[in-house]
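Here are my notes on this one, in numbered points. Have the model open while you read.

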Amino acid sequence: MLYHYTDFAAFDGIIRCAELRLNNILNMNDASEMRFFMKGLCKAVAEKLQAEGEYEKSRQIESFFQHEMAKEFRYSAYAACFSKYRDDAAQWDRYGHFGRGVCIGFRENLMQKMVGKAIALQEVYYQEDIKEHPLVAGFFQLMKQQEHFSEDLPGLQRLMYDAWVQSAAFKHPSFASEREYRLVVSPFISNEFMIAPKYHVSVERIKKYYPLDLNRMCGKLNMYLADLVGEIIIGPTSSQSLPILQDYLDDCGLNVLKGKISLSDCPLRKPTT
């Protein structure tokens, strides 16, 4: 099971509207996010070229990466986040509206069947040294084979696309305790991604997101949203009434989920007034 901690407003969007919102990774809680991987990749490729005496090519690849990273918003990936941890205090506090929200357990094996092309379910990796990453060798070999560097080198942009896609699954090791998985879309692969973005407008700002139609995705596999959801956990400091939540599911046509609700056992302290 993969667990998605959220508030009840987002829960309503997922359950009643069958819409899972994927938000910009660059706006998530780790301030470095995708940049962390890209900077590490650039450094590893440059150092590998320097070790071969290719100092000019090392400077060229660093300049190329700096130029590409300045366009990071163009390459932004969007994701919904999950954890392998069930009923976890840190997850409740950080993502579950300080324990007042709800946690939805999704069946991982069914989610894997729903992805493809520009949509991927990725386990997040937490490491600082990426010298052994396959993309390091890819960039290195491309640079070594070319006598003169050009941003139009065959295969260079494809490697950069791959780098941006994979950057969405790397985080700083200080977040390793989350055991995170991400459902990721990469809209810049435009020929493979046809979902139009939407915008959430609040009193403070406008946020761009991509909505995944869960009913449509489940329908392609001849299953229903109720099959995808394995359990629902009410947060440890939530005031949500269990009977009302059961009525809500019944009115949403998801009465099969009424027996999959439980109350959190997490001893998270209730907020004081």
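1. Over which ring does the charged end of K48 sit? The ring is that of F140, with the charge 5.0 Å from its centre. A charge counts as over a ring when NZ of Lys or CZ of Arg is within 6 Å of the ring centre and within 35 degrees of the ring normal.

2. Ground rules, quickly. This is a predicted model, where local features need pLDDT of at least 70 and side-chain atom pairs count only at pLDDT 80 or more, while totals for chains, interfaces and linings use all residues. Residues are numbered from 1 along each chain as its sequence is written, and side-chain values use heavy atoms, with hydrogens and water left out.

3. Overall picture: the protein has ten helices and twelve strands (DSSP runs numbered from the N terminus; H or I of at least four residues for helices, E of at least two for strands). The C-alpha trace spans about 70 × 40 × 40 Å along its principal axes. Of the 273 residues, 48% are buried (under 20% relative accessible area; exposed is over 50%, partly exposed in between, with a 1.4 Å probe and protein chains only).

4. Now the inside. The largest nonpolar core holds 38 residues, and L20, F82, L228 and I232 touch the most other members. Such a core is a set of buried Ala, Val, Leu, Ile, Met, Phe, Trp, Tyr and Cys residues joined through side-chain atoms within 4.5 Å. Apart from it lies another core, of 37 residues, with F37, L49, L153 and A168 among them.

5. Have a look around F82. Leaving out residues up to four places away in sequence, its contacts (heavy atoms within 4.5 Å) include L20, F106, M111 and R179.

6. Most residues other than glycine have a negative phi. R179 is partly exposed, at 39% relative accessibility.

7. F98 also has a positive phi, of about 55°. You'll find F98 in the loop between α4 (89-95) and β4 (102-106), partly exposed with a relative accessible area of 48%.

8. Finally, the aromatics. There are ten aromatic pairs in the whole structure (ring centres within 6.5 Å, using the six-membered ring for Trp; planes under 30 degrees apart are stacked, over 60 edge-to-face, the rest tilted). F64 and F65 pair edge-to-face, 6.3 Å centre to centre with 85° between the planes, and both are buried. Ring pairs link F64, F65, F139 and F149 into a cluster.
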